[in-house]
Structure formats: structure tokens, C-alpha cells
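My notes follow the order in which I looked things up.

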Amino acid sequence: MILVINNKISEEQFNNIINKIKELGFKPHISRGVKKTVVGMIGEQAERYEELFESMEGVEHISEIEKPFKLASREFKEENTVIKINNIEIGSNNVVIIAGPCAVETKESIVEIAKLVKSAGAHFLRGGAYKPRTSPYSFQGLGEEGLKYLQEAKNITGLGIVTEVMSMEQIPIILNYADIVQIGARNIQNFDLLKEVGKINKPVLLKRGMATTVKELLMSAEYIMSQGNYNVILCERGIRTFEDSTRFTLDLNAIPVIKSLSHLPVIVDPSHGIGIRNHVPTMAKASVVAGADGLIIEVHTNPEKALSDGAQSLLPEQFIKLMQELRKIVNVIGRDI
Ligand code: PEP
Ligand code: MN
């Protein structure tokens, strides 16, 4: 349930409420608004204590959150969550662009791609150092060496780093380098991993699984948020359908649906979503029109030689052109880039 508290109450009164919640064995989740503060008291049978809290000073009203995803829901927090990373806001009016190769390959190539995407207007650099490949014989990523190359590219361009963590053991090392920690589609229901990234103090980019519903995606976000990390960015990246002329089916429906159910930012990955380089720009533009707060796009200076996902990686000139087109589109829909 949620307690709606008037901000006019004293700090002592507020602390009394919070301490009571803790005393009863619940974790308070606090969301501060301008006039009211909403405190989530989530857990089994929280409603048993409704009367007790109703009588406490400063509690204006108490209501149940109907949805199973409590903290991720708009019922808990009405206004959009805006995540600020190195002066860039995700979830505000800005459309945020994350671009780079699927995997970090060499120091030279990641630096070259970082410079390119930066000059075209990207806000973050993507690149996997730990790669979840379908085949154990495919390139698995450079590991920490790859993270060091990302750091080098960051030092040169100033771009923040988005990179995937595949297992709990990798978390401490990834935290040394990443500005945003990515959870890949294949780990969307690795609940132990989700709980661990719920304890870190960096934003998490959570990719929808190829066979997860929107509700399941939001439940996975809830796992992270339930541990205290509220900075979750949701990512639509295509789902598996009977259609086999594209790599996946990019579910554009999910964008307005998630935005109505949740206050969390939603970004789209058209690269994996369609899997065909020449169609990525179209789906990228469609995603922004459908309300995406950002895009994550694979770009490579030599995609023919890429060690993973070359067929869906944009050529430099395609990315530059897409950025120019996006600038016009955001203008029409009243956003910035
Ligand atoms: C990726 O971003 O390169 C990736 C592996 O994505 P996904 O987890 O969506 O397949
Ligand atoms: Mn990829």
C-alpha cells in the first residue's frame, strides 16, 4: 500500500512514520513530490496496518496499489522518472541516443566509433565486453580488457558508458567502468541478478526478453526497485513471433502501453528489433514518434568485419543521416535531442 504524506509535516513526524514502517518489518520506499510525499510500504499483508497509519499525524490517505508491479507503477508515482547521468537526463523531454558497436573489439575501433557517434550527436557509448552469444564458439567479448578500452573511449570523447553485466560475479568490475549497467534480454528473469543490481547505485538499462510480456518486464523492474535502486530504464528490443523475415518483431505497441502503466523511462533498440541494417533508421524514427525516451543503436565503422551483429550495425553515414532526421522529428513532436 502507499501512504500519501503532506510535505508540511515536521521531519520528526515524518521519521516517526518511516520508523514505524521499519519496525513492522517493511522497507519504506520514498518518492518525494513538490506537495506530497508518497511512501510505499510493500510486502505481504501490509494492509493489515492501514488503520494504524491512518491515525498517524501527517498521513493524508492510504491506498492500495492494484498492480502487481508496485514501485514501477504510475499508481505509486504519477510523474515520469527522470534519471540524470553526467548532466544528461533520461526520461525528460530529451530523446537520449546511445550508440556504438555490439561488442568492444579493439581499442582503436571503439575509440574510432566513439568519436564518430559523439560528433553525430550521441549521448552515450554502448559496447559489450561480456557478450551473451547463442553459440559458445562465437566471440564472447574481451572481458575487462574491453572495459578498459571503453574507459579510454570515454576519456577521449566524454561519452558515458553503457555495457552489459551477465552475472553477479561481474558486477564489481563492471561498476568500475559503466555509467549505465545493461541487463540483457536473456537475463530478464534472472531474479538473483536483478536483486543484485537492485543494490548498486548506478542506473540499470533493463532489456525486455524476447518472450516476456510487458507485465513480466515490469515485474523484473520491480525486482530491481524493491532493493532500493529506482533508476531503471526499460528497453523494448523486439519479441519473438511467427514472423521470420526480420530478426525479431519490434513491439512498438509496448511503448505507449508501458508509458501508461509505469513512470519509468522507455527506450527502444531497433537494431536487435529488426536485425537488418537498412531498416533500422525507419524503426528508430517510428520509435521516437511512438513516444520512446531514447534509442540504443548499433553502429560500426566496418560492419562487414564486426565480431557480432554486423548485419544490423549502421554504417557511419547511416547513423549521421539518422541523427539529422531525428533532429527534425523531435522538433515536430515537441521534444529535444
Ligand atoms: C546487445 O545489446 O548487444 C544485446 C545482446 O541485446 P539483447 O540482450 O537485447 O539481445
Ligand atoms: Mn548486439
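I began with aromatic pairs. I took rings of Phe, Tyr and Trp (its six-membered ring) as paired if their centres lie within 6.5 Å, with planes under 30 degrees apart called stacked, over 60 edge-to-face and the rest tilted. By that rule I count two aromatic pairs. This is a predicted model, so I kept its limits in view: local features need pLDDT of at least 70, side-chain atom pairs count only at pLDDT 80 or more, and totals for chains, interfaces and linings use all residues. Residues are numbered from 1 along each chain as its sequence is written, chains are lettered from A and ligands numbered from 1 in the order in which they are written, and side-chain values use heavy atoms, with hydrogens and water left out.

Which way do the rings of Phe 26 and Tyr 49 meet? Their centres are 5.9 Å apart and their planes stand at 75°, so I logged the pair as edge-to-face. The pair links distant parts of the chain, 23 residues apart. Phe 26 is in the loop between helix 1 (11-23) and strand 2 (27-32), and Tyr 49 is in the loop between strand 3 (36-42) and helix 2 (50-54). I read helices (H or I, at least four residues) and strands (E, at least two) as DSSP runs, numbered from the N terminus.

Next I checked exposure. Buried means under 20% relative accessible area, exposed over 50%, and partly exposed in between (1.4 Å probe, protein chains only). Phe 26 has 11% relative accessibility, so I list Phe 26 as buried. Tyr 49, at 19%, also counts as buried.

The rings of Phe 191 and Tyr 223 are stacked, because their centres are 4.5 Å apart and their planes at 25°. Phe 191 lies in helix 6 (residues 191-197) and Tyr 223 in helix 7 (residues 214-225), so this pair ties together parts 32 residues apart in sequence. Phe 191 is partly exposed at 31%. Tyr 223 is partly exposed at 30%.

I then looked for charges over rings. My rule was NZ of Lys or CZ of Arg within 6 Å of the ring centre and within 35 degrees of the ring normal. Arg 32 lies over the face of Phe 14, 4.8 Å from the ring centre. Arg 237 has its charged end over the ring of Phe 248, 4.2 Å from the centre.

Where is Val 257? I found Val 257 in helix 8. Its relative accessible area is 36%, so Val 257 is partly exposed. The C-alpha atoms of Val 257 and Val 214 are 8.1 Å apart, although 43 residues separate the two along the chain.

I finished at the manganese ion (ligand 2). Which protein atoms are its donors? I found Cys 102 (SG), His 272 (NE2), Glu 298 (OE) and Asp 309 (OD), at 2.0 to 2.4 Å. Donors here are N, O and S atoms within 2.8 Å of the metal (3.2 Å for Na, K and Ca); water is not among the atoms, so sites may look incomplete. Along the chain, the donor spacing reads C-x169-H-x25-E-x10-D. Glu 298 sits in strand 14 (residues 294-298), and Asp 309 eleven residues away in the loop between strand 14 and helix 11 (316-332). I noted both Glu 298 and Asp 309 as buried.
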